Amino acid sequence: MRFSKTIIILSILFVFNSLAQKNKTVPATDVFPTPPDTDIRLFYIQRSSNSNTVIYDANLTADKKLNPKSPVHTYWIKYNEGGRKQELTNIQRTLAYGLYTKEVETEKESYDGHFLAYRKRKFVVKITPQGEPVALFPINGKMQILKKVFVKVDESGMMPSVVYVELWGKDPATGKEVYEKFKP
């Protein structure tokens, strides 16, 4: 009798553990494809709605300087369509994923900017002394090299809304990885 109770209890624990593992939420960023890194990649944005990724690359001139008319080239990698590249539409560029940039008069090869859809955090795009293009963005209150953004979107209402934003980057002085999650 005692052996039977032990078997039953172990079976119940096994079933509950299996159900818990099946219902365990895996962060979406763990299952999304990682865009290939390039020498001009500044950062990218992924959203919970699908795996398509918005890429932000430095737009360099032939002499490896940031293009003063448009220092950042923004486009899609459409992973749900075989990974093809696609330019942003005019609406996407002006309302959602586009950037406003302005040359910093006191520092060569440096541009202040902000996302057109979120103006609260300003960033800087520049070329480092080592010749690397970077986007410095406030992460945890300090300007860090931005590498990845994930946006959790709630699409249950009439208009999608942002639930939270996650930022990944690295400290420009130490190279240490940094992370922040916030609600806009």
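The backbone nitrogen of V153 sits 2.8 Å from a polar atom in the side chain of S48. That pair is a polar contact, meaning N or O atoms within 3.5 Å; within protein, one must be able to donate a hydrogen and the other to accept it, and residues adjacent in sequence count only if both atoms are side-chain atoms. This is a predicted model, where local features need pLDDT of at least 70 and side-chain atom pairs count only at pLDDT 80 or more, while totals for chains, interfaces and linings use all residues. Residues are numbered from 1 along each chain as its sequence is written, and side-chain values use heavy atoms, with hydrogens and water left out.

Let's stay with S48 for a moment. You'll find S48 in the loop between β1 and β2. Helices (H or I, at least four residues) and strands (E, at least two) are DSSP runs, numbered from the N terminus. Is S48 buried, exposed or partly exposed? S48 counts as partly exposed, because its relative accessibility is 23%; buried means under 20% relative accessible area, exposed over 50%, and partly exposed in between (1.4 Å probe, protein chains only). Leaving aside neighbours within four places in sequence, S48 is in contact (heavy atoms within 4.5 Å) with F32, F150, V151, K152 and V153. S48 and D154 are 106 residues apart in sequence, yet 8.5 Å apart in space, C-alpha to C-alpha.

**Pairing strands**

Two strands pair if DSSP finds at least two bridges between them.

| Strands | Direction | Bridges |
|---|---|---|
| β2 (50-58) and β3 (72-78) | antiparallel | 6 bridges |
| β3 and β4 (84-87) | antiparallel | 4 bridges |
| β10 and β11 (177-182) | antiparallel | 6 bridges |

Take the stretch from β9 to β11. β9 and β10 form a hairpin with 6 residues between them, and L146 has G169 as its bridge partner in β10. β10 and β11 also make a hairpin, with 6 residues between them, and G175 in the turn has a positive phi of about 80°. On that side, V165 is bridged to F182 in β11.

Where does D171 lie? D171 is in the loop between β10 and β11. D171 counts as buried because its relative accessible area is 8%. A polar atom of the D171 side chain lies 2.7 Å from the backbone nitrogen of A173. Not counting residues up to four places away in sequence, D171 touches K142, Q144, K176 and V178.

Now for β3. Since 6 of its 7 residues are buried, β3 is largely enclosed by the rest of the structure. W76 has V54 as a bridge partner, and W76 is also bridged to Q86 in β4. In the hairpin of β3 and β4, 5 residues lie between the strands, and G82 takes a positive phi near 80°.

Most residues other than glycine have a negative phi. K64 has a positive phi of about 65° although it is not a glycine, and E109 has one of about 60°, again without being a glycine. K64 is in the loop between β2 and β3, while E109 is in the loop between β5 (99-103) and β6 (110-115). Which of these residues is buried, and which is exposed? K64 is exposed because its relative accessibility is 62%, whereas E109 counts as buried because its value is 19%.

**The whole protein and its pocket**

Zooming out, the protein has 3 helices and 11 strands. Along the sequence, the pattern reads α-α-β-β-β-β-α-β-β-β-β-β-β-β. Of its 184 residues, 36% count as buried.

How much space lies in the largest pocket? The answer is about 670 Å³. Of the 24 residues lining that pocket, A96, Y97, A117, V151 and V162 are the closest to its centre. On a 1 Å grid over the protein atoms alone, a pocket is an open set of points where a 1.4 Å probe fits, with protein on both sides within 12 Å along at least five of seven lines, and lining residues have an atom within 4 Å of a point. The volume is the space filled by probe spheres set on the points, which are joined across faces, edges and corners. β10 gives the most to this lining, with 4 residues.
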